[in-house]
Amino acid sequence: MVPTSRPVPPRRRVSRRRYLARRIGVLAAFVLLVVGVVRVGGALFGAEDTEAVAPADPGTADTSDTSGAGSDATGSADGTAVPGTAATTGSIAATTTTVAAPSVPTAADPAVVLIAGDSDAGTFGPYLETLLADTGVVRTTLDYKVSSGLARPDFFDWPTHFRSIVPQVAPDIVVVTFGGNDPQGLTDGVKADGSPNFIIGEPTGEGDEEWRAEYGRRVGEVMDYLSADGRTLVWVGIPNDDNPEVTARLRVQDEVVRAAAAERPQVRFVDAWNRFSGREGNWAEFVIDPRDKTAKDVRADDGFHLNVVGAEILALDIAEVVLADLRGRGAAV
């Protein structure tokens, strides 16, 4: 109620133009308010027509591996696991990667062949390199260690070495051989005093279930790694020995390798045992040379290793397997 002691000024009449201007201003303010609410809602709850892109996790590395190098276990010399790895010395595993279709081997883009293993690889390796070089579409690398194998990683750890050399060479085909040094006790590294830590005694030719299981595991892991990522693995077997007791141990090793290769269609097995045996399957000193159909002495003086002629005959057998693989890749050989 307005006091009567003071006069009330009369209300001024608003013109129609000013009235319309006020209405337009109110309407504009309302529109701006609605737009602001919509934008705030979109920021809070996400717009349906906007594609969300997850940011890269700075703590996660790209685990793809197209080089063929295993990113799993690396063993130390004492048989203990290296920090940040998943297995101990002597362990190796295959990687699973997406592999591009292999290119056709040519002189300009040759297939790469890695030849590796013990002294047997050093014996047949040079002539195999010569045979493959004659194709004009192969480049080879020979890498061997005398007296080595898979039984004694305390002496030379081939699984760890393969994880180093395979990514460097990037082979299309791997030729490998072990055996002459392997029918002995198995170690998993060294003890605190530096001596070998034997976990299983040598095979005898009877039973040997524990030895067969452990050596088969080692062979299988190496086979899986070397034949991964589109590589072809050619595993060369071992010959027998003129000493029956040694041959009994070698037979155990040979049977384990044959069984592991038979389970893996990507592995090609070269039978050296039968190649250098007589008609009755026994040890043989003379074998027919396929190059001239003449019987020749193929053994070294120790009764196990091959001499130059024997190594060349074995290299011929291996070369045939490699050539078949090259043809499968489209090479004109």
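Which side chain of opposite charge is nearest to the buried residue Arg-231? In this predicted model, the nearest such side chain is that of Asp-229, 4.0 Å away, and Arg-231 has no salt bridge.

**Arg-231**
- Arg-231 is placed in the loop between α4 (209-226) and β6.
- A polar atom of the Arg-231 side chain lies 2.5 Å from the backbone oxygen of Tyr-225.

**Glu-214**
- Glu-214 belongs to helix α4.
- Glu-214 counts as buried because its relative accessible area is 16%, and buried means under 20%.
- The side chains of Glu-214 and Arg-217 are joined by a polar contact of 2.7 Å.
- Beyond its neighbours within four places in sequence, Glu-214 is in contact with Leu-186 and Ile-200.
- Between Glu-214 and Val-256, the separation is 42 residues in sequence and 10.0 Å in space, taken from C-alpha to C-alpha.

- In soluble globular proteins, nonpolar side chains tend to be buried together.
- The largest nonpolar core has 31 residues, of which Phe-124, Leu-128, Val-175, Leu-314, Ile-318 and Val-322 touch the most other members.
- Two or more residues of this core come from each of β1 (111-117), α2 (119-133), β3 (173-177), β6 (232-236) and α7 (308-328).
- The greatest contribution to this core is that of α7, with 10 residues.
- Apart from this core lies another, of 30 residues, including Leu-114, Ile-165, Val-222 and Met-223.
- Setting aside neighbours within four places in sequence, Leu-314 is in contact with Phe-124, Val-236, Val-270, Ala-272, Phe-276 and Leu-306.

Methods. Residues are numbered from 1 along each chain as its sequence is written. This is a predicted model: local features need pLDDT of at least 70, side-chain atom pairs count only at pLDDT 80 or more; totals for chains, interfaces and linings use all residues. Side-chain values use heavy atoms; hydrogens and water are left out. A nonpolar core is a set of buried Ala, Val, Leu, Ile, Met, Phe, Trp, Tyr and Cys residues joined through side-chain atoms within 4.5 Å. Buried means under 20% relative accessible area, exposed over 50%, partly exposed in between (1.4 Å probe, protein chains only). Helices (H or I, at least four residues) and strands (E, at least two) are DSSP runs, numbered from the N terminus. Contact means heavy atoms within 4.5 Å. Lys and Arg count as positive and Asp and Glu as negative; His and the chain ends are not counted. A polar contact is a pair of N or O atoms within 3.5 Å; within protein, one must be able to donate a hydrogen and the other to accept it, and residues adjacent in sequence count only if both atoms are side-chain atoms.
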